[in-house]
Amino acid sequence: MAASEENSALFPIFILTIMALPLVPYTIMKLCRAASRKTKSIHCQCSECTRSGKYRRSIFKRISNFSTCSNLTLVLLWVVMIILVYYIKHISQEIQIFEPFSILGLESGASDSEIKKAYRRLSIQYHPDKNPDPEAHKYFVEFISKAYQALTDPISRENYEKYGHPDGRQGFQMGIALPQFLLNFDGATGGILLLWIVGVCILLPLVIAVVYLSRSAKYTGNYVMHQTLSTYYYFMKPSLAPSKVMDVFIKAAEYMEIPVRRTDNEPLQKLFMLVRSELNLDLKNIKQEQAKFWKQHPSLVKTELLIQAQLTRESATLSPALLGDFRRVLELSPRLLEELMKMAVIPRTSQGHGWLRPAIGVVELSQCIIQAVPLSAKKAAGGSPEGIAPFLQLPHFSEAIIKKIARKKVRTFQELSDMPLQERAELLTQTAGFSSAEIQDVEMVLEMMPSITIVVTCETEGEEGIQEGDIVTIQAWVTLKRTNGLIGALPHAPYFPFHKEENFWFLLADPVSNNVWFSQKMSFMDEAAAITAASKAIEDTMEGSGASVKETSAAVREAVDKVKAGSRLVMGKLQAPAEGNYNLSCFCLCDSWIGCDKKINLKVKVVKRTRAGTRGGPMAEEGPILEDGVEEEEEDEGEEYDDYESEYSEDDADEQRTSKKGAVANGKAHNKGSQNRSSSESSCTDEE
């Protein structure tokens with residue numbers, strides 16, 4: 001009976017151990033994530049972002065952010081653990097080990113006279129004749145008398161001093177740390193132990209495995225459905241225009257699962273009338289176009305109208321039910337656009353190239369959704385090839401204010417941002433009628449906008465030139481600078497109701513052939529990860545070139561200093577194409593800001609293989625020659641992409657546009673960057 005009670009007492013300790021093993025590491029991981037997320041929350045302080053409320057730290061918002069299912073479960077498990085610790089401490093006090101010397105209040109090895117003296121003293125206090133308390137009688141009989149007998153009997157005392165127990169050597173006992181009712185095989189609960197073993201050891205792992213496998217079979221690592229990726233891959237075309245990217249984007253399986261209620265018909269009809277001008281409908285056959293639009297799948301109609309509500313900033317007119325669906329659509333949009341971008345640059349051609357035109361269309365759509373700017377605002381107007389889209393992302397700006405500023409010969413966003421502070425303040429005060437607080441908001445946003453500089457090298461390691469079939473190494477240092485001195489920050493996006501980090505896409509592409517040779521996503525938020533990646537890449541490159549340890553260490557230190565100063569390293573390898581001259585372009589596209597993209601030109605000549613060796617496989621007999629001379633020239637602020645004009649640009653602007661190309665014949669390009677915020681560089685489509 002005593003053994004079973006001891007086993008039952010160990011059951012809470014067993015449960016506490018099983019809970020602590022996964023709970024403690026998971027809690028530490030959650031706290032580390034929360035700490036890192038807190039350090040990243042450097043956001044815009046303008047009045048519009050403050051009024052949006054998404055950065056407000058009210059007590060209700062903190063409770064709502066904390067009261068997620070995982071957080072509440074975590075707190076509940078910790079409460080259970082605390083209760084178990086208190087219970088174990090309590091029962092450990094109740095279970096008293098038989099210690100004769102301690103019971104009599106003596107030290108180990110006391111003499112017989114001291115033992116008798118202590119026994120008489122305790123007898124006076126606890127003897128039934130002296131103390132009528134039943135508890136005192138029980139303590140005297142079960143502890144004091146037994147302790148005195150164990151120490152006065154020579155054999156019992158010898159056994160105790162030798163083996164730690166008055167009865168001598170004790171046998172080794174084993175038990176099961178389960179409660180007593182599970183071990184009572186004689187009663188009606190004898191089968192509970194079997195059910196316990198089957199449930200915990202078989203059914204629970206089986207259920208967890210089924211849930212995990214079913215979820216992993218439905219979603220990717222980025223929590224996007226596999227069905228969505230298949231749809232995007234199927235509908236992605238090389239000539240996909242920016243206006244048509246929306247048609248592919250809304251076909252995501254996540255959006256198709258959003259319910260379409262009968263009560264949504266009337267609000268959607270009203271929303272349609274508000275955003276009809278942005279739906280690319282043929283005004284000559286407006287009735288047929290409207291009927292064709294409403295004949296689409298209801299989920300497609302609803303999703304496109306909700307996205308247009310974001311682009312035109314008409315979300316205030318939505319009903320409460322539609323507002324919930326609207327937030328769901330925007331919440332899913334960043335990762336869906338990221339996957340759509342991957343489907344655009346994924347190798348499609350026989351040379352392993354992606355497509356440039358749809359990739360730039362995806363970035364344009366992402367910029368417009370984050371900044372809540374209509375796609376039609378990219379149409380060239382008033383001598384500005386990038387349109388009014390960059391202006392509309394500034395606080396307190398509207399089309400009327402942009403027209404007033406244009407009368408003062410400030411027609412492009414670059415002209416506004418390059419103006420001296422005092423001169424810009426006078427322009428906004430006298431022409432636009434801005435107050436000092438509104439001017440301060442504009443200056444805050446301009447200081448937050450990033451300026452990108454790109455330094456690119458494209459060469460064959462260990463060789464003087466690039467030949468057919470060579471493995472070409474692309475190394476690019478992309479540097480970000482802001483006027484306020486920050487590197488990683490959240491963009492100004494008061495109309496986007498969720499936190500959104502800046503992401504950049506580096507593309508090495510041939511605009512003439514619409515091919516993306518190399519692509520990589522970048523982020524300036526996580527400096528530690530960037531340092532690790534850059535250090536490893538530089539170390540591998542230096543070791544491959546046969547550099548000494550000292551030279552490798554110096555190169556790694558230099559790379560780390562660059563990363564800390566706001567640069568990110570982009571490295572990749574690709575196989576040199578066939579013989580010919582290639583006028584490539586390096587794009588750095590931001591998915592959050594309009595007009596902050598950067599483009600430089602890179603001219604490379606690849607010739608037939610002349611070097612001996614097996615590099616390049618069957619093309620080993622051919623070889624290259626590299627053109628002599630290096631030229632560097634930063635692209636004009638208002639330049640459009642080479643062969644891809646924005647669909648929203650007019651033909652007259654296209655005829656007036658001049659192209660200044662900085663070409664590098666030996667595969668090296670250096671862009672010395674002043675702040676280039678030309679949104680025309682983010683608009684890259686061509687006429688079919």
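1. The protein exposes about 36,300 Å², and carbon and sulfur atoms supply 56% of that area. Please keep in mind that this is a predicted model. Of its 688 residues, 45% count as buried. The secondary structure comes to 25 helices and nine strands. Among contacts with a separation of 6 or more, 72% are between residues 24 or more positions apart.

2. Part of the nonpolar surface can be located. V198, I202, L203, L206 and V210 make a nonpolar surface patch of about 430 Å². One of these residues, V210, lies in helix α9, which covers residues 192-218.

3. Helix α24 spans residues 549-564, 16 residues in total. From its first C-alpha to its last it reaches 23 Å, close to the 22 Å expected at 1.5 Å a residue. Its buried residues include T552, A555, V556, A559, V560 and V563. Seen down the axis of α24, the buried residues fall within an arc of 140 degrees, so they line one face of the helix. An α-helix has 3.6 residues a turn, so residues three or four places apart point the same way. On the other side of α24, K550, R557 and D561 are exposed.

4. What do the buried residues of α24 pack against? The partners are β3 (471-481), α23 (527-544) and β6 (567-575). Just after α24, G566 takes a positive phi of about 110 degrees.

5. Helix α22 covers residues 436-448. Its 13 residues should span 18 Å at 1.5 Å a residue, and the end C-alpha atoms are 19 Å apart, which agrees.

6. The salt-bridge count comes to 16. In one of them, the side chains of K302 and D325 meet at 2.5 Å, N to O. K302 lies in helix α15 (residues 298-311) and D325 in helix α16 (residues 320-345), so the pair ties together parts that are 23 residues apart in sequence. Both K302 and D325 are buried. The two residues also belong to a network of salt bridges that links R261, D264, K302 and D325.

7. A second salt bridge joins the side chains of R609 and D470, at 2.3 Å from N to O. This pair links distant parts of the chain, 139 residues apart: R609 is in the loop between β8 (598-606) and α25 (651-656), and D470 is in the loop between β2 (451-460) and β3. Are these two residues buried or exposed? R609 has a relative accessible area of 3%, so R609 is buried. D470 is buried too, with a relative accessible area of 0%.

8. K500 and D591 also form a salt bridge, with the closest N and O atoms 2.8 Å apart. K500 lies in the loop between β3 and β4 (504-510), and D591 in the loop between β7 (580-590) and β8, so the pair ties together parts that are 91 residues apart in sequence. K500 is buried, and so is D591.

9. S123 lies in helix α6, residues 112-126. With 13% relative accessibility, S123 counts as buried, because the cut-off for buried is under 20%. Leaving aside residues up to four places away in sequence, S123 touches K130 and F140. S123 and I144 are 21 residues apart in sequence, and their C-alpha atoms are 8.1 Å apart in space.

10. K379 is found in the loop between α17 (356-371) and α18 (389-392). Its relative accessible area is 43%, so K379 is partly exposed. K379 and A389 are 10 residues apart in sequence and 8.4 Å apart in space, C-alpha to C-alpha.

Technical notes:
Residues are numbered from 1 along each chain as its sequence is written. This is a predicted model: local features need pLDDT of at least 70, side-chain atom pairs count only at pLDDT 80 or more; totals for chains, interfaces and linings use all residues. Side-chain values use heavy atoms; hydrogens and water are left out. Patches are made of residues with over 30% relative accessible area and no salt bridge: like charges are joined within 9 Å, nonpolar side chains (Val, Leu, Ile, Met, Phe, Trp, Tyr) within 5 Å. Accessible areas come from the Shrake-Rupley method with a 1.4 Å probe; for residues, only the protein chains shown count as cover. A salt bridge is a side-chain nitrogen of Lys or Arg within 4 Å of a carboxyl oxygen of Asp or Glu. Helices (H or I, at least four residues) and strands (E, at least two) are DSSP runs, numbered from the N terminus. The expected span of a helix is 1.5 Å times one less than its number of residues. Buried means under 20% relative accessible area, exposed over 50%, partly exposed in between (1.4 Å probe, protein chains only). The arc is that of the directions from the helix axis to the C-beta atoms. Contact means heavy atoms within 4.5 Å.
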